[in-house]
Amino acid sequence: MVQVSVVIPLYNEEESLPELVNWISRVMIEHGLSYELVMIDDGSSDSSWEQIQKLSPNFPIKGLKFNRNYGKSAALNVGFKHCEGDVVITMDADLQDSPDEIPGLYTMIKEGYHLVSGWKKKRHDPISKTIPSKFFNRITRILSGIKLHDFNCGLKAYDHKLVKTLEVYGEMHRYIPVIAKRNGFTKIGEKVVEHRARKYGTTKFGLERFINGFLDLISISFVSRYKKRPMHFFGTLGTLSFLIGFVFVGWISWQKIHAIYIQKSNVYRDVVDQPLFFLAIAAIIIGVQLFLAGFLGEMMTMNSQNKNDYILEDQIGLDKK
């Protein structure tokens, strides 16, 4: 039984890989932990894959190479499917995450946590990354109710059962703790970890990651509540919209009836001359459409088979099928 699987997504990290693999191996041997490295080359344009091939004969490496860049979430999603360790550690390949943190994270999972997230309390990043990161961490804490300081830290530890329930895509790797909680794995902890200055290369993420990350947070928050019951969301909105429209149409109609048959007045405003009448009709139509959207969503949920397909160009240490 493999005790630790280290899942490492990477993109153009040829310079750091030999040092990273040797460092992880040294830590595992010192602490007597059996391990495997699951390395996912996310369509690198440098010699990262060649480096993995050179290292694989001397280390327990499972290597997977995408035919193009799909993103970190896709790499983690595939890596999780191929790991076998009792505890799964994720870390970046740029040497900013210290492998010396692995034994501590492993111990916390064995003590009963489902997920332990690293907290880069002291960061070696420019202010253009740290300020937006603090903002989004605060928003995520408020929306999710999970008391973590650093949701986006790449250094995390997971119970094996948890990673087998995860399905991440887009930029949702930033919110894996939120997905874990949604799946019922609520024992989520935090550990202060060392954050090292980048030694090789440059960051692969731009400012657009914050916009995409925010949109994914909204998506996760919605899906976590209504994935299996879309009618509760669309049906509620549709019913409210329909009732509001119906009440206003009834009120406008009553005004005309009251003016003609009760007050016996010859001066009254025609129903179709009032803008409120058309707004009410629009509300009724929208309400019906939302209700039907909820009904169709329920049917799609019952028959859906979620699957993310990523094309692998090559692989190492795995049975090729």
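Two remarks on conventions come first. Residues are numbered from 1 along each chain as its sequence is written. In this predicted model, local features need pLDDT of at least 70, and side-chain atom pairs count only at pLDDT 80 or more, while totals for chains, interfaces and linings use all residues; side-chain values use heavy atoms, with hydrogens and water left out.

I begin with strand β4, residues 87-90. Helices (H or I, at least four residues) and strands (E, at least two) are DSSP runs, numbered from the N terminus. In a regular strand the side chains alternate between the two faces of the sheet. In β4, V87 and I89 point one way, V88 and T90 point the other way, and all are buried. Here, buried means under 20% relative accessible area, exposed means over 50%, and partly exposed lies in between (1.4 Å probe, protein chains only).

Which strands pair with β4? Two strands are said to pair if DSSP finds at least two bridges between them. Strand β1, residues 4-10, runs parallel to β4 and is joined to it by 4 bridges; V7 stands opposite T90 in β4. Strand β6, residues 156-159, pairs with β4 in the antiparallel sense, also over 4 bridges. In that pairing, V87 has D159 of β6 as its bridge partner.

I turn now to charged side chains. Side chains of opposite charge can pair when their charged atoms come close. A salt bridge is counted when a side-chain nitrogen of Lys or Arg lies within 4 Å of a carboxyl oxygen of Asp or Glu. How many salt bridges does a search of the whole structure find? The search finds 7.

One of them joins E36 and K62, with the closest N and O atoms 3.2 Å apart. Because E36 lies in strand β2 (residues 35-41) and K62 in strand β3 (residues 61-66), this pair ties together parts that are 26 residues apart in sequence. E36 is buried, at 5% relative accessibility, and K62 is buried as well, with a relative accessible area of 9%. K62 also meets E84 in a salt bridge, at 3.1 Å from N to O. K62 is in strand β3 and E84 is in the loop between α3 (72-82) and β4, so this contact ties together parts that are 22 residues apart in sequence. E84 is partly exposed, with a relative accessible area of 46%.

D86 lies in the loop between α3 and β4, and K110 in helix α4 (residues 102-110), so the pair ties together parts that are 24 residues apart in sequence. Both residues count as partly exposed: D86 at 25% relative accessibility, and K110 with a relative accessible area of 47%.

Next, the cysteines. How many disulfides are there, taking a disulfide as a pair of cysteine sulfur atoms within 2.5 Å? The count comes to 0. Among the cysteines, C83 is buried with a relative accessible area of 2%, and C153 is buried with 1%.

Helix α7, residues 176-182, contains A180. This alanine counts as buried, at 0% relative accessibility. Its C-alpha atom is separated by 8.6 Å from that of V163, 17 residues apart along the chain.

Finally, I come to the annotated spans. An unreviewed UniProt entry carries the annotation "transmembrane region" for residues 233-254 and 274-297. UniProt positions are given in the numbering used here, feature names are shortened, and annotations may be inferred rather than shown by experiment. In the model, the span 233-254 is 100% helix and 0% strand, and its end C-alpha atoms lie 32 Å apart.

Which residues form the nonpolar patch on the surface? They are F242, L243, F246, V288 and L292, with about 450 Å² of accessible area together. Patches are made of residues with over 30% relative accessible area and no salt bridge; like charges are joined within 9 Å, and nonpolar side chains (Val, Leu, Ile, Met, Phe, Trp, Tyr) within 5 Å. Accessible areas come from the Shrake-Rupley method with a 1.4 Å probe, and for residues only the protein chains shown count as cover. Helices α9 (230-262) and α10 (275-303) each supply at least two residues of the patch, and α9 gives the most, with 3 residues. L292 is placed in α10 and counts as partly exposed, at 46% relative accessibility.

Note on methods. A disulfide is a pair of cysteine sulfur atoms within 2.5 Å.
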